[in-house]
Amino acid sequence: MQTLALIGNPNCGKTTLFNLLTGTSAYVGNWPGVTVEKKEGMTNGHRILDLPGIYSLSPYSPEEKLSRRYILDEQPDLIIDVIDATNLERSLYLTNQLAELGRPLLLVLNMEDLLEKEGITIDAKRLSQMTGAPVVQISASKGTGIEALQAQIEKSLSEKKLPLCPLFSNFVERYISEIIGDDYLHQIPKGRQMRWAAIKLIEADELFLSSMPAPPPAFKTYIEKARKELEAHFEDDPEAIIIDQRYKVAEHIAKDCQIKKKTKKGFEFDSIATHRFAAIPLFLAIMAGVFYLSIGLVGGYTTPLLEELFAFLGEQVHLIADRFGVFPLLSGILADGIIAGVGAVLTFVPQLFVLFLLLSILEDCGYMARIAFIMDRMMRTLGLSGKSIIPLVIGTGCSVPAIMSSRTIEHQKQRELTVIVTPFIPCGAKMPVFALMLTYFFPGKWFIAPMIYLLGIVAVVVTGLLARALDRHKETNAFILELPRYQLPSPRNTWLQTRERTLGFIQKAGTIILLSSVIIYLLSSYSFTLQAVDAEQSMLAMLGKLIAPIFAPLGFGFWQASVALLTGIAAKESIVSTLSVTIGTANLGALFTSDSALSYMTFILLSSPCIAAISAMFKELGSKRKLLYAVLWQTGFAYLAALLVRLIVLLTL
Amino acid sequence: MLITILANITVATIILTLLAFAISVMIKQGKEESCASCSTKKRSACKGCQFADKCH
């Protein structure tokens, strides 16, 4: 079995191609940085790997380290370099580095369908001649050129033809040749090429140097002299000289192989979408539209219908159970526990389906990356990494993968801070709680929904500023976030994401919500002496009343709300099922008021996340003490924010 | 009397089956170390699977 490695710049369509070749449905995002680990699959009996998107093989980021280590150590039989055909010159920079690795190379010009639109013509034959690697043109998103690619893969695997190494200026080449001629280079680890090693010695690549034995003094002196002479000649450091040389080669090849027609530029949506002042209001307006469509329009019709359906189902179960003399305990568990609890959560499925669908469309069309771009500037001033935006965007779906994705952030403090602030972004599980409160207390006021996102962002900003003020060793790092082009969302990708999120939600209703509903029902029906009692004298009420006074200043100092918060630790959707079992969603108005409902929403939004997210936080923070601080900060911040929100509402109304 | 016993057994069985199913799925998810947000099917499109070490 032979091994193929898919490699290329971020967002050039590697994962889409990987899915086409392997028949899998790995997540594809229209933004860079989706793949942070290698993925494996099979195509035509060959093993194929999808490596993270990288711009170079310099070992700066974890993605670059992973890709470089894989290619050098695992020696794939064929490197498939996926090139964004509309960005040929930039892509060829990586191609030049891949050519130096001494493995057969196949260039795949992806997005050929966009070339005409962009006024670009590429001479594939010329490109192949100049790089010494076969070239195939495809469109992974449209699925064209895949057969030709598969045929070329087989041909390249049998021919095992090596690409041409890019040649630098004579002044640099002289030193490379002399270094290659030295005996020291025979000690390079297996699989490394002499020329590649010589370049790494000029660059003083630490990762490479650490894999080599100490050089003889004469050779060491020669390398130092070479570096100094290069510095003097080019007036730059050797690493930058090599980068410049590679770009020159890429520029030369691109100039020779492509013709770019100047296209007239009309109105660009990005002039608003990424505008310093207009971007955030536009984002809030778009989110308001998303919430209006999902929670307002769809939810407005479907939620009452489904509520009636589940209420009817519960009544019928009671009627039938009474007729056949079923124990009240059993019929109660089934009707008032399972049907009421699970049903309360399931009533939100249609509106969440629409919400997930719209969020997937926003992400797939490239809009979410614009938000990332806007936030990137802010993130760095807050002491967070520019990369922190990736977890924050993913966090709109679920905090668990979002927290996990923070591991691509190099600096420990920035990574830890990102882990702590990610749960502030409202996840899909919190949506039913917000939808419930908005439906009952703020009908028609859909502008409140995007304010939840804004509040989450404010919490991130405040925490970031505070952490930065306390941090004596401020870390900064550059993060290149490339804006993907706007595209029509792929129906397959959008459907896959929406279906997966919705099914995940339904599955949670059938598992953890079901279990917690039964437990809540039992605890709310029995006293500590196991006597059937009214809810007010139940075990649950006793437990709830112990902690309820803490929340009295926030306006929800009654045991039902406190207990719902506790069950929310298992899963945030449990809050809805618990309120449904203990109060009944139709009776929320008897205990909550509009100010306490807003304060309750704020507390749920910002307080410590569910147990799955807490365990992900523990994994990433790696310390119980840090986790405790994080949870205390989140909960304390949530308490103060909820109090502030309530005071503002009380003072303004 | 028999009908009452059968009705009680039926309701109890329904409840126990639902609970057993819920627990088994949660145990399965726990063993797979999935992100608790996605289904347990392979080839999941959930984003968590891109980041979790052993998720699917």
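## Basis of the model

Helices (H or I, at least four residues) and strands (E, at least two) are DSSP runs, numbered from the N terminus. The structure is a predicted model, in which local features need pLDDT of at least 70 and side-chain atom pairs count only at pLDDT 80 or more, while totals for chains, interfaces and linings use all residues. Residues are numbered from 1 along each chain as its sequence is written, chains are lettered from A and ligands numbered from 1 in the order in which they are written, and side-chain values use heavy atoms, with hydrogens and water left out.

## The hairpin of chain A

Strand 2 of chain A and strand 3 of chain A run antiparallel and are joined by five bridges; two strands pair if DSSP finds at least two bridges between them. A:Met42 has A:Arg47, in strand 3 of chain A, as its bridge partner. The covered face of strand 2 of chain A carries A:Lys39, A:Gly41 and A:Thr43, whereas A:Glu40 and A:Met42 form the uncovered one.

Two residues separate the strands of this hairpin, and A:Asn44 in the turn has a positive phi of about 50°. A:Asn44 belongs to the loop between strand 2 (39-43) and strand 3 (46-50) of chain A.

Most residues other than glycine have a negative phi. With a relative accessible area of 28%, A:Ala204 is partly exposed (buried means under 20% relative accessible area, exposed over 50%, partly exposed in between, with a 1.4 Å probe and protein chains only).

## Surface patches of chain A

Patches are made of residues with over 30% relative accessible area and no salt bridge, like charges being joined within 9 Å and nonpolar side chains (Val, Leu, Ile, Met, Phe, Trp, Tyr) within 5 Å. A salt bridge is a side-chain nitrogen of Lys or Arg within 4 Å of a carboxyl oxygen of Asp or Glu. A:Glu231, A:Glu235, A:Asp236 and A:Asp237 form a negative patch. Of these residues, A:Asp236 lies in the loop between helix 10 (217-234) and helix 11 (238-257) of chain A and is partly exposed at 38%.

A nonpolar patch of about 410 Å² comprises A:Tyr292, A:Leu293, A:Leu297 and A:Tyr301. A:Tyr301 is placed in helix 13 (residues 279-323) of chain A and is exposed, with a relative accessible area of 63%.

## Chain B

Chain B contains two helices and zero strands. Of its 56 residues, 43% are buried.

Note on methods. Areas by Shrake-Rupley, 256 points an atom, 1.4 Å probe, with all protein chains shown as cover. Lys, Arg positive; Asp, Glu negative; His and termini not counted. Charge placed at Lys NZ, Arg CZ, Asp CG, Glu CD.
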